[in-house]
Amino acid sequence: MIFDGPYSPPDGALQLLNPGPAELVFNRRGSSVWKVKTEVGPYAVKVGYPSRTHAWTALAPAREAAVLRQLTHERIFSGEWKHGTWGAQPWRRGDSLYDRWALCRDGEAEPNLGEALSCAVALSALHGMGWVHGDVQPAHFLLGESGSAFLIDLALSSGGRIPRAYDFPYRGCLVHYEAPEVSASVLGSGMATPTQESDVYALGAALFISATGWRHVAYPDDAPRDVQRQAIVAGPHRPVDVPGALGSLIPHMLSRTPADRPTSAEVCEMLSAAL
C-alpha cells in the first residue's frame, strides 16, 4: 500500500502534549512534520509512515526519539499509530546552513568561518559522546541568531541502544553527502555502517555545496541512485574553489581514504585557528 500523507499528529501525541494550534511544516519521504504549541513551548511532531520507496520511514520518528533520550534530558515523546510511529521533541529555531549561506552562492559574501565552526562543534559534540549521525547534510544544521548551530534529524544515528522494534538497517543517506566507502557498501550489499569519518566527509560536502551551490561530485540530477553512488565512488571531485581557510580544509575532509580525514575535533581546531 502506498501512503502519501500528510498525516496529522495521532491521538496519542495529542493526549500527551495537549497542544494548541498546529502548523504543517513539511510532508515528504514518509514523514509529516508539524510545529505545535504546547504549555512548555513549541514542539516538533514527526509522524512516520511508509514512503513510496522505503518502509523504514514509518519507524524513523520512534527511533530518533530513542536516540534523543540518550543524548538529552529534554522531554521527548513517542508512540505508535496505525501506519507507523510518531515522535515529539522541542522545536529548534534557526536557519539551515544552506539558507544562511545563500549570499555566498550569489557571490555577494564569503562563507562565515564562525558559522562553519559552529556546525563542526555540534558534530564534534555528538562524536564526543560516542555517536555517529549518519545523515549529515546542510538542512540538518540549524544556525540561530547568535551563530550557534544545532544538529537535528538523528533518526539514522548509531552509538547507543535502539529498541529492536524500531531499529532498521542503515541503507545510506542523501547521496550528495555519502562518503565513498558508504556508497560502495550500499552498492555492494544494500547496507553500510556509517562512521565518524563518514560524518566528517559529509560535513565537508555540506560546507562545499552551501558555499558554492555545487555538489562536490558531478552527476545528472535525474540519474538513478546507483549511478549517483557510482559517481561518488569513482568520479573525480569538483575543484574546491571556496575562498580562505575552508578552501584548504574541505579537500582534506573529502579525502577518499577515511583515515586521511581530520576528525571533527580537528576540524574545530583548524577553523578556530583561522578565525
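Is Arg-29 buried or exposed? Arg-29 counts as exposed, at 57% relative accessibility; here buried means under 20% relative accessible area, exposed over 50%, and partly exposed in between, with a 1.4 Å probe and protein chains only.

Some background. This is a predicted model, in which local features need pLDDT of at least 70 and side-chain atom pairs count only at pLDDT 80 or more, while totals for chains, interfaces and linings use all residues. Residues are numbered from 1 along each chain as its sequence is written, and side-chain values use heavy atoms, without hydrogens and water.

Back to Arg-29. Its phi is positive, near 50°, and the residue is not a glycine. Arg-29 sits in the loop between strand 1 and strand 2 (31-38). Helices (H or I, at least four residues) and strands (E, at least two) are DSSP runs, numbered from the N terminus.

Asn-18 also has a positive phi, about 45°, and is not a glycine. Asn-18 is in the loop between helix 1 (11-17) and strand 1 (22-28), and is exposed, with a relative accessible area of 52%. Most residues other than glycine have a negative phi.

Now the inside. The whole structure holds two cavities of 30 Å³ or more. A cavity is a set of points on a 1 Å grid over the protein atoms alone where a 1.4 Å probe fits but cannot get out; lining residues have an atom within 4 Å of a point. Grid points are joined across faces, edges and corners, and a volume is the space filled by probe spheres set on the points.

The largest cavity has a volume of about 50 Å³. Helix 7 (residues 196-212) gives the most to its lining, three residues.

Technical notes: On a 1 Å grid over the protein atoms alone, a cavity is a set of points where a 1.4 Å probe fits but cannot get out, and a pocket is an open set with protein on both sides within 12 Å along at least five of seven lines; lining residues have an atom within 4 Å of a point.
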